[in-house]
Amino acid sequence: MSNFFLHSKFDPAGDQPAAIKKLSENYHSGMKDQTLLGVTGSGKTFTMAGVIQSLQVPTLILSPNKTLAAQLFREFKDFFPENAVEYFVSNFSYYQPEAYLPQKNVYIEKESRINDELDRMRISAVASLLERKDTIVIASVSCIYGMGAPADYKELILLLKVGMIIDLKKITQHLVRIFYEERDFTLERACFRYYNDHLDIHSSYSKDLLRIGLDLDFCITSITKLQYITGTILENLDRTLIYPARLFLTTDDKIASSIENIELELIDRLQELRAEGKGDEAGRLEARVKYDIDMMLSVGYCNGIENYSRHLSFRKPGERSFTLLDYFPKGDYLTIIDESHIAIPQVSSMYNGNLSRRTTLVSHGFRLPSAIDHRPLKVEEFFDIADKVLFVSATPADFEIQKSEDVIEQIIRPTGLLDPNIEVRPSEGQILDIIKEAELRREKNERVIITTITKRMAENLTEHLIEAGLLVSYIHSDVDTIKRTEILRDLRLGKYDVIVGINLLREGIDLPEVSLVCILDADKVGFLRSTRSLIQIIGRSARNSEGLVLMYADKITPAMKEAMRETSRRRKLQHAYNVEHNITPQTIKKDITEILERKYSADDAKKTTRSELKDILQSKKTNSKKIKEMALLMDEYSEKLLFVEAGICRDEIVKFKKENAKEIEKIAKATAKAIKETEKIAKEKLKALKQDEKTAKAKEKTKKLL
């Protein structure tokens, strides 16, 4: 498949057709940066999809966090089911970076726990970029961190074709070199095995199994894609590519060449440290670097190899690392930055934090100075590589507006919904007023959001509203992500009438049931009550036809005035469009699973998962079938990005295998023995057939002579 084909039951409407057309024209005209200023509920995501279909170029969509990235990933998978839609976020379930705290003389070693499914998806994204033009990658800011050079990665790809004669020893050595593990029985991700004239490879980026059929001369007779758990044949292939199992690696010749440069840098640095009277630091550094060199020479890798990336990729001091962006085709792809007013500051801040931590490590002899050059991109480097950028936001920052050559507004919503009405009310008596308004909304089965300035105010207000008989919860930074998701889900379900929060209620939350937003201390000066923040908060009630915003304040600040002016301007345009096209505004109807990150609350999900696992374990099936069914369940959860539930399944499989290790080993040995016996019999039969053929030819020759 080489073309993007957008699937949707809706056609572009409102301002969407004009926005798609203009954004596409600007791209083709060579415009480098542009902004889509789309009001809340105007269908910015659908417009983004329309632009991708129009341009037909690979696209990177940068999202400010994993939650929004997962939501976008699901939406774009539905929009483009025939194309490669990939997910590239941090692959760590837990990550503690290497650090040194001089004040406490405490060294913190790098510690991480890799999420296997996220790691698979990262490699799958790279594989799709190298193989296909019709690729969309939904990424978090992890895409600006260092990776191996694309040229090195490509050089280590293994190509297998039907009809190719292979050297099995060299092939298996190469698989080990690109971090595939040889197994006798169970094939997990990034593993391979050879038995019964077949080479089975479970790649690092696919959930399916590849079976490479070989004849006696080790000529590839077939390449078959199999369903990993059941062994069902999915597809017969003429060729296949096996991609390395890690994104940071380099070729053997480059490792050998770079070692000399690492050793020279070590000599210079040791002289500097000893001249400064830092003998302990020099000793520590020398021991570490020599150990790492030994590891690289022996196995082509070492823990923390990324700290030597400048030497391994032959970059100059200060030169940037390679990143995911380098795997996109030069000058022929689009970068979309969603919620750009949040994402751009994140990109900007990453470099300085990394520089401070690594400089401390270098100063105290834990790393060579070149380790500083393994870093995220600077913001100017990001835009230099990204080439053509589309900023998307309801409230783009000054940076995006000034950088853009064109700003396209998307104000008209396909639903005909207007921006909400705004009223300013005095702060005196605000609690009683809020209670009265909330009760009116409850009678109509609608919900309320209240924003405050401080955590204490949020908690105190929650207590007052509960005492008044309302169902209320609060959200602030002390409430973890899963709990926040549960609270928002319960608000939609009607378990709560009101949610009280701070700035956490501004971006990326779609709650159609919310018809009232109350802003306390609207006249305070600061980030939480800036024009941009107020417009974001106002947008929370823009998905309901009864939307109303109440600002409680004793004066009207410039930020309030500008937010009200902009909202009024939009309302007039939206109303005029509705009148012209005879549209009656309708509240957006969305299933809960379309909006929140998780389908169930964490507790419900765990109960459901454990119940399903219990049913499998209590069945009368064989142990191998139980393991297969648990693995299928784990894959099902992973496919839905429900990694907590997938983790529960994984842990149960490990536990079950451990508890039944002897029986499983016994079955595995018996299976292996049967395979060897079958192979032996097959070889004997083949030998007999060849002998019979030889005898027949001899008889034929004798017959001719006679």
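This is a predicted model: local features need pLDDT of at least 70, side-chain atom pairs count only at pLDDT 80 or more; totals for chains, interfaces and linings use all residues.
Seven strands make up an open sheet with parallel pairing, and their order is S3-S8-S2-S17-S18-S1-S19. Strand S3 (84-88) and S19 sit at the edges, each pairing on one side only. Leucine 62, for instance, has isoleucine 337 of S17 as its bridge partner. In general terms, the strands of a sheet pair through backbone hydrogen bonds, in either a parallel or an antiparallel manner.

Charged side chains come next. Side chains of opposite charge can pair when their charged atoms come close. Across the whole structure, the search returns 41 salt bridges. One of them joins arginine 274 and glutamate 286, with 3.4 Å between the closest N and O atoms. This pair links distant parts of the chain, since arginine 274 belongs to helix H7 (residues 252-275) and glutamate 286 to helix H8 (residues 279-299), twelve residues apart. Arginine 274 has a relative accessibility of 48% and therefore counts as partly exposed. Glutamate 286 is also assigned as partly exposed, because its relative accessibility is 23%.

A salt bridge between arginine 569 and glutamate 409 brings the closest N and O atoms to 2.8 Å. Here too the pair links distant parts of the chain: arginine 569 lies in helix H17 (residues 558-581), glutamate 409 lies in strand S19 (residues 406-410), and 160 residues separate them. Strand S19 is also one of the edge strands of the sheet described above. Arginine 569 is partly exposed at a relative accessible area of 27%, and glutamate 409 is partly exposed at 34% relative accessibility. Both residues take part in a network of salt bridges, whose members are Glu409, Arg413, Asp419, Glu562, Arg565, Glu566, Arg569 and Arg570.

The salt bridge of glutamate 381 with arginine 375 has an N to O distance of 2.8 Å. Glutamate 381 and arginine 375 are both buried.

Two further charged residues deserve a look. Arginine 425 is located in strand S20 (residues 421-425). With a relative accessible area of 19%, and a limit of under 20% for burial, arginine 425 is therefore classed as buried. Its side chain makes a polar contact of 2.8 Å with the side chain of aspartate 433. Leaving aside residues up to four places away in sequence, arginine 425 touches Asp433, Glu437, Leu550, Met551, Tyr552 and Ala553.

Glutamate 117 is part of helix H4 (residues 116-131). The relative accessible area of glutamate 117 is 10%, so this residue is buried. The side chain of glutamate 117 joins that of arginine 120 through a polar contact of 2.8 Å.

Definitions and conventions: Residues are numbered from 1 along each chain as its sequence is written. Side-chain values use heavy atoms; hydrogens and water are left out. A salt bridge is a side-chain nitrogen of Lys or Arg within 4 Å of a carboxyl oxygen of Asp or Glu. Helices (H or I, at least four residues) and strands (E, at least two) are DSSP runs, numbered from the N terminus. Buried means under 20% relative accessible area, exposed over 50%, partly exposed in between (1.4 Å probe, protein chains only). Two strands pair if DSSP finds at least two bridges between them. A polar contact is a pair of N or O atoms within 3.5 Å; within protein, one must be able to donate a hydrogen and the other to accept it, and residues adjacent in sequence count only if both atoms are side-chain atoms. Contact means heavy atoms within 4.5 Å.
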